[in-house]
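Subject: Handover of a structure and notes on it

Dear colleague,

Please find the sequence and the structure below. I would be grateful if you kept them open while reading the notes that come after.

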Amino acid sequence: MKDNIALIGFMGSGKTTVGKVLAKLMDMKFVDIDKIIAASEKKSIAEIFEEKGQIYFRDLEREIIAQEALKNNCVISTGGGSILDNENIKRLKETSFVVYLDCTIECLYQRLKNSTTRPILNIAEDKRKIIEELYEKRRFLYEISADFTVKIDETTNIFDTVYIIKDAYILS
Ligand code: S3P
């Protein structure tokens, strides 16, 4: 069994919500990579993107993942774009059981359509289109990065998701 559980998946797939409940259930510490990045810069993620750009954000994301992946007994919630960098996946897989929250496009759209905190989606006028395009581009990366995948749609109960992950982790 690896030291940590890392959650990967598209924006809106529920990594933070599921991660918090899972951490409580497993008596593990909850670690939110975006939150650590924001705290380290004393800015919101949107402000970092706006003022410093995406490359700067991705560099910070890589640094923080490398640092946090070394800890143990943690549930690590990653940002949706973290799988774009091989280094992140490598670091996470070394110490963590990597779980992909595979949420349907419709469910993602419903959760994201009114979100204003995701800079990548804010630039687009047609949110559904950008979600579909990004989802298609990234799906394969989530799939090949994961040790375990859990399916999520509008009807999924969070506690079912959490118990499925717990059982898979214990058996791993
Ligand atoms: C991003 C996802 C966000 C955040 C940043 C970039 C992405 O995290 O890291 O806005 O590229 O998908 P969430 O997945 O927690 O929304």
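The notes below take up the strands, the pocket, the ligand and a few individual residues.

This is a predicted model, in which local features need pLDDT of at least 70, side-chain atom pairs count only at pLDDT 80 or more, and totals for chains, interfaces and linings use all residues. Residues are numbered from 1 along each chain as its sequence is written, and side-chain values use heavy atoms, with hydrogens and water left out.

**The strands**

Helices (H or I, at least four residues) and strands (E, at least two) are DSSP runs, numbered from the N terminus. A residue is called buried under 20% relative accessible area, exposed over 50%, and partly exposed in between, using a 1.4 Å probe and protein chains only. Two strands are said to pair if DSSP finds at least two bridges between them.

Strand E1 covers residues 4-8, and five of its five residues are buried. In a regular strand the side chains alternate between the two faces of the sheet. On one side of E1 lie Asn4, Ala6 and Ile8, on the other Ile5 and Leu7, and all of these are buried.

Which strands pair with E1? One is E4 (residues 96-103), which runs parallel to E1 and is joined to it by five bridges. Within this pairing, Ile5 stands opposite Phe97, and Ile8 has Tyr100 as its bridge partner. Another is E3 (residues 74-77), also in the parallel sense, over three bridges; here Leu7 stands opposite Ser77.

Strand E4 is mostly covered as well, with eight of its eight residues buried. Ser96, Val98, Tyr100 and Asp102 point one way from E4, while Phe97, Val99, Leu101 and Cys103 point the other way. E4 also pairs with strand E5 (residues 148-152), in the parallel sense and over five bridges.

Tyr100 deserves a separate word. This residue of strand E4 counts as buried because its relative accessibility is 1%. The C-alpha atoms of Tyr100 and Arg139 are 10 Å apart in space, although the two residues are 39 apart in sequence.

**The largest pocket**

Rolling a probe the size of a water molecule over the atoms shows where empty space is left. On a 1 Å grid over the protein atoms alone, a pocket is an open set of points where a 1.4 Å probe fits, with protein on both sides within 12 Å along at least five of seven lines; lining residues have an atom within 4 Å of a point. Grid points are joined across faces, edges and corners, and a volume is the space filled by probe spheres set on the points.

The largest pocket has a volume of about 600 Å³. Its lining consists of 30 residues, and Met11, Asp34, Ile45, Gly79 and Arg118 lie nearest its centre. The elements that give two or more residues to this lining are the helices H1 (15-26), H2 (33-41), H3 (45-52), H4 (54-68) and H7 (119-122). H2 gives the most, with four residues.

What is the make-up of the lining in nonpolar, polar and charged residues? There are nine nonpolar, twelve polar and nine charged residues. Here Ala, Val, Leu, Ile, Met, Phe, Trp, Tyr, Cys and Pro count as nonpolar, Asp, Glu, Lys and Arg as charged, and the others, Gly among them, as polar.

**The ligand**

In the side chain of Arg118, an N or O atom is 2.8 Å from an oxygen atom of the ligand.

**Individual residues**

Most residues other than glycine have a negative phi. Lys42, which is not a glycine, has a positive phi of about 55°. Lys42 sits in the loop between H2 and H3 and counts as exposed because its relative accessibility is 76%. Asn73 has a positive phi too, near 60°. This residue lies in the loop between H4 and E3 and is partly exposed, with a relative accessible area of 40%.

Finally, Ile36 is found in helix H2 and is partly exposed, at 24% relative accessible area. The C-alpha atoms of Ile36 and Glu61 are separated by 9.1 Å, with the two residues 25 apart along the chain.

With kind regards

Definitions and conventions. Polar contact = N/O pair within 3.5 Å; in protein donor to acceptor, adjacent residues only side chain to side chain.
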